[in-house]
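Dear colleague,

I am passing on the structure below, and my notes on what was found in it follow. Please read them with the model open beside you.

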Amino acid sequence: MFGSGRAILTLREAYREDMRAVKKVADFKYVRFHAILHDEVGVYNEDEHGNPVYNFAYVDSIYDGILKNGVRPFVEISFMPKKLAFNPDALHPFWYKQNVSPPKSMEGWDALIQHFAQHLVDRYGIEEVSQWYFEVWNEPNIDFWNGIPRQESYFDLYDHTARALKSVSPRLRVGGPATAAAQWVPEFLQHTVDSNVPVDFVSTHGYADDTVKNMFGTKEDIAMDDRVGRAVAKVRDEIDHSAMPRLPLFWTEWNVPGMMEARDTIYVGPALANTVRECDGRVDMMSFWTFSDVFEEGGPTTGPFRGDFGLRAFDGINKPSYYAFGLLHQLGNQRLANPSNNVLVTRMANGGIAIAAWNLVDPDEHGTDREMDLHILDVAPNAAVKLQRVDRDHGNVLPQWVAMGKPKNPTPAQAEELNRETALSLPEQTALRNGVLHVKLSQNALVLIQIDDANH
């Protein structure tokens, strides 16, 4: 799963182009975005007598466009239509000024959710919509929700939303609490048990640069590169020790540290691979925030490389993270044990072995190049090997953009040239020597190694 800005952006050609490009290399199955109920989508209005008027025309355009590209919506139910808001002036500071108020009437909210869900089922069919997920709100533990008291009022919103969805069909899947910094999960699960409210999954967020105090409530020294993995383990443990230990866990927002505009650099690949290594087996789905820099929380973009979250810069320019996701997507579907913190070993469906190896150096640190010997067991001692890499010289667009004169608004021709110059070349061909592969890794290099001649 990937995250992306907000619902209305999905109607842009640039957004859909980025979706197709990322789908091609990472084949993601779900996309999550904010604000399907924002007034700019036009879902809710009232007539002169205060009766609700529903309009799902733009909702249809939004979901039609996503489904047409082979991706399903992970529906974040947010934010509050102003005419349904208890406080119409409760606007978030984001550029698109979403309303974060509770509803003025829970009956009105229930009716909106029922009409919304019924419309989706009528349009797409229950067989399709039962494969979606419905997540109640976004980060209600911080300034995206101003109900008072915050937790109690969110739980009330959750209860109403979950019951309204299930009244349309028990097959609709609903969950929460969609909190920032991995918070509220034990309280949320206890509440759903105590109130006998449906819950099909747990969702929460945690970023590598969230503080240790926010995410864990302690003063431990936890490296940024390890925080998402530790937070996932913490929440998985909270679910395991709850009354519903088998609930799936969806990490619906995360990213690597954003300091020093690191998200535009080759650092993302190793940081991503390390997080996958730490989280595998503890989480059912992770949603990298975001796949695209078609994104407006702080307003319109001011240039292609500002350290924004996405895999593609504005103007459809592929960042190193785009190529890193592409390499990691070629790993196999079965993980094989190994003792290294810098290696992921997998078996592919054809019996071959696929390995990711990396040399992680934080943006504010000075590391060194590394060399490693991989001893590959149970394969021919001289088996053929293919290598692809994202590093200083492969898939790294920033030096090319600098050489181009750092254009603030690259033309389509310049964007195409940057993508052409950074596109990954065909894999380098080599072979094992007596079952050993010697690999050189420059700082923040990520290498994919494929060995097809495995005895299985």
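**Salt bridges**

In this predicted model, E220 and R230 are joined through their side chains by a salt bridge with an N to O distance of 2.8 Å, where a salt bridge is a side-chain nitrogen of Lys or Arg within 4 Å of a carboxyl oxygen of Asp or Glu. This pair links distant parts of the chain, with E220 in the loop between α7 (212-216) and α8 (224-240) and R230 in helix α8, ten residues apart; helices here are DSSP runs (H or I, at least four residues), as are strands (E, at least two), numbered from the N terminus. E220 is partly exposed because its relative accessibility is 39%, and R230 is likewise partly exposed, at 38%; in these terms buried means under 20% relative accessible area, exposed over 50%, and partly exposed in between, with a 1.4 Å probe and protein chains only.

A second bridge connects D264 with K319, whose closest N and O atoms are 2.7 Å apart. D264 is in the loop between β9 (249-254) and α9, and K319 is in the loop between β12 (317-318) and α10, 55 residues apart; both D264 and K319 are buried. By the rule above, the count of salt bridges comes to 30.

**Nonpolar cores**

A nonpolar core is a set of buried Ala, Val, Leu, Ile, Met, Phe, Trp, Tyr and Cys residues joined through side-chain atoms within 4.5 Å. The largest one has 113 residues, of which Y63, W109, F134, Y154 and W251 touch the most other members. Helix α3 (residues 106-124) gives the most to this core, with nine residues. A second, separate core of 22 residues includes I353, A357, L432 and I449.

**Largest pocket**

The largest pocket holds about 940 Å³ of space. A pocket is an open set of points on a 1 Å grid over the protein atoms alone, where a 1.4 Å probe fits, with protein on both sides within 12 Å along at least five of seven lines, and lining residues have an atom within 4 Å of a point; the volume is the space filled by probe spheres set on the points, which are joined across faces, edges and corners. Of its 27 lining residues, V276, M286, F325, L328 and H329 are the closest to the centre.

**How to read the values**

Residues are numbered from 1 along each chain as its sequence is written, and side-chain values use heavy atoms, with hydrogens and water left out. Local features need pLDDT of at least 70 and side-chain atom pairs count only at pLDDT 80 or more, whereas totals for chains, interfaces and linings use all residues.

Best regards
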